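Here is a short report on one protein model. Please read it alongside the sequence and coordinates.

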Amino acid sequence: MPSTMEDVTTKTEAVEIDPKTVLALNKSAAIDEKKISTEVEPKTADTETKKEDSGCDKTEEEKKEKCDQVEPIKEEEIPVETEPKTGVTFPVKLQDGKLLKAVGLRKKSMLGIGLKIYGFGIYADNEKMKELMQSKIGNKAPSKPTKEMYQMVIDSDFGMMVLLVIVFSGLSMSMVRKNFDEGLGAAIKKLTGGKNEELTKKIMGEASDDIKLTSGSVIEISRLPGFVLQTKVMGEIVSKVESELLCRAYIYMYLGEDPFDKEAKDKFGTSMLSMF
């Protein structure tokens, strides 16, 4: 029997998330650009003819117009932030403009041992959140994040996304679904005082229970304007549910009274204060 938590939690390699595709990067499959750039096309009669027809033997002015090399446009390098307990890195900005507000870890207790399930990053539409805060509170920042500030974020419908990166090997969709059903059920009960099992089961939609989520698998759950909760599993949309209560309950799991990761909630609170 294992004697420590580390003996039973998965030892994960560092996972880096691509800000464009929001998928884990596979470094081993990267193209060797140096090799490609140094390969020389064999000379043929056709290539010699093309060189003559290219205009490079014309006047200096024509050469300048036609023969100058164009510098390739360099893509912006997006900085990343590392979730320290898992080593998962999250881009600080997504392609759609949402900014990273906090990173954290979802743990699940089993037989008294806390297992690391997934690292997560909380993203938000910065301008919309700033407008909300300043319209409700004014331009003067409170001394510390208040319960009312968190509740404003939970109850609003500006764009947010929680990016989940699995770190526990052998996780199935049925296990993930059960985990979310329990979390959402508890959040809905906190918000309304009652249960709504039919609503909680919609978040994973038609995702097959046979899907195996290996370490590095990515799940994106987004709150879209208009109180729509959209779920993607490894880039594929598996559900899109319009429900104000479901959106509120989902964000509540991360920013409510009993969050999945208290440090992540506190960091999100600090980001709210920085907007004033």
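## Helix 6 against helix 10

Helix 6 and helix 10 lie roughly perpendicular to each other. This is a predicted model. The two axes cross at roughly 95 degrees and come within 11 Å. That crossing falls in the 65 to 115 degree range, so it counts as roughly perpendicular. Two packed helices are described by the angle between their axes and the distance between the axes.

Helix 6 covers residues 147-155, and helix 10 covers residues 262-273. From helix 6, the contact uses Met149, Tyr150 and Val153. From helix 10, it uses Lys265, Asp266, Phe268, Gly269, Met272 and Leu273. By class, the contact residues are six nonpolar, one polar and two charged.

## The buried side of helix 6

Which residues of helix 6 are buried? They are Met149, Tyr150, Met152, Val153 and Ile154. An α-helix has 3.6 residues a turn, so residues three or four places apart point the same way.

The buried residues of helix 6 have several packing partners. Among the helices, they pack against helix 5 (126-137), helix 9 (244-255) and helix 10. They also pack against strand 5 (160-166) and strand 8 (218-224).

## Valine 176

Is valine 176 buried or exposed? Its relative accessible area is 6%. The cut-off for buried is under 20%, so valine 176 is buried. This residue sits in helix 7, which spans residues 173-192.

Beyond four places in sequence, valine 176 touches Leu171, Met204, Leu213 and Ile219. Take leucine 213: it is 37 residues from valine 176 in sequence. In space, the C-alpha to C-alpha distance between valine 176 and leucine 213 is 9.2 Å.

## Whole-chain figures

The protein has 10 helices and 10 strands. It has 276 residues, and 40% of them count as buried. The accessible surface is about 16,600 Å². Carbon and sulfur atoms account for 51% of that surface.

Consider contacts between residues at least 6 apart in sequence. Of these, 65% join residues at least 24 apart.

## Confidence

The average pLDDT is 80, and 73% of the residues score at least 70. Over residues 1-12 the pLDDT is below 50. That stretch has 19 contacts in the model beyond near neighbours in sequence.

Residues 27-45 also stay under 50 in pLDDT. For residues 27-45, the model has five contacts beyond four places in sequence. Where pLDDT is low, the predicted coordinates should not be read in detail.

Conventions. Residues are numbered from 1 along each chain as its sequence is written. This is a predicted model: local features need pLDDT of at least 70, side-chain atom pairs count only at pLDDT 80 or more; totals for chains, interfaces and linings use all residues. Side-chain values use heavy atoms; hydrogens and water are left out. Axes are lines fitted to C-alpha atoms, for helices over the stretch in contact, and angles run from 0 to 180 degrees between N-to-C directions. Helices (H or I, at least four residues) and strands (E, at least two) are DSSP runs, numbered from the N terminus. Angles under 35 degrees count as roughly parallel, over 145 as roughly antiparallel, 65 to 115 as roughly perpendicular and the rest as oblique. Contact means heavy atoms within 4.5 Å. Ala, Val, Leu, Ile, Met, Phe, Trp, Tyr, Cys and Pro count as nonpolar, Asp, Glu, Lys and Arg as charged, and the others, Gly among them, as polar. Buried means under 20% relative accessible area, exposed over 50%, partly exposed in between (1.4 Å probe, protein chains only). Accessible areas come from the Shrake-Rupley method with a 1.4 Å probe; for residues, only the protein chains shown count as cover. pLDDT is the predictor's confidence in each residue, from 0 to 100.
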